[in-house]
Amino acid sequence: MAKEKIRKDTWQARHTCTHCEIPMEKKKIIIEGIEIRGWECSKCKETVLHSEDAQKMLFLNKLKRGIKVKIGELGQSLIIRFPKEVVDFYKIKKGEDLTLRAEDMKRIELVPA
Ligand SMILES: [Zn+2]
């Protein structure tokens with residue numbers, strides 16, 4: 001709840017271009033297929049990225065390179081442990097369904113339902 005408030009406040013913040021000293025305009029910037037909120041100077045086109053969105057982009061780049069996850073055991077089944085940052089990123093919740101799809105014999109894809 002408190003986190004949500006901070007997020008809104010950050011996006012409501014006003015930015016002034018450090019070169020032109022004029023207010024920057026809010027803008028959605030697409031970087032590598034991800035929509036990033038930011039501010040752009042209408043004069044010199046300088047942009048400032050929303051820090052939280054920029055963090056998301058960095059994390060997605062990390063995920064694209066691959067992160068290691070541990071396989072655990074639960075009764076007769078094996079379970080995958082999702083790191084907290086992955087849980088937060090994909091907003092995965094306990095009890096939710098994920099679709100497991102085969103790419104080939106060496107690759108498995110998990111798709112949030
Ligand atoms: Zn400027």
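Which residue in strand 3 does Glu-40 stand opposite? I looked it up, keeping in mind that this is a predicted model. Glu-40 faces Thr-47.

Entry: I found an open sheet of three strands, ordered 1-2-3, with antiparallel pairing. Strand 1 (25-31) and strand 3 (47-49) are the edge strands; each has a single partner strand, so one side of each has no neighbour in the sheet. From one strand to the next, the twist averages 40 degrees. I then checked how strand 2 (residues 34-40) connects to strand 3: three bridges join the two, and they run antiparallel.

**Entry: what lies across the sheet.** I looked for a helix here and got helix 2 (residues 51-65). Helix 2 lies across strand 1, strand 2 and strand 3. Its direction is about 145 degrees to strand 2.

**Entry: the hairpin.** I moved on to strand 6 (residues 98-104) and strand 7 (residues 107-112), which are antiparallel and joined by six bridges. The two strands make a hairpin, with two residues between them. For Leu-98, I noted Pro-112 in strand 7 as the bridge partner.

**Entry: cysteines.** How many disulfides does the structure hold? I got zero. I still wanted to know about Cys-41 and Cys-44: buried or partly exposed? Cys-41 has 0% relative accessibility, so it counts as buried, the cut-off being under 20%. Cys-44 comes out at 35% relative accessibility and therefore counts as partly exposed, as that value falls between the 20% and 50% cut-offs.

Definitions and conventions. Residues are numbered from 1 along each chain as its sequence is written. This is a predicted model: local features need pLDDT of at least 70, side-chain atom pairs count only at pLDDT 80 or more; totals for chains, interfaces and linings use all residues. Side-chain values use heavy atoms; hydrogens and water are left out. Two strands pair if DSSP finds at least two bridges between them. Helices (H or I, at least four residues) and strands (E, at least two) are DSSP runs, numbered from the N terminus. Axes are lines fitted to C-alpha atoms, for helices over the stretch in contact, and angles run from 0 to 180 degrees between N-to-C directions. Contact means heavy atoms within 4.5 Å. A disulfide is a pair of cysteine sulfur atoms within 2.5 Å. Buried means under 20% relative accessible area, exposed over 50%, partly exposed in between (1.4 Å probe, protein chains only).
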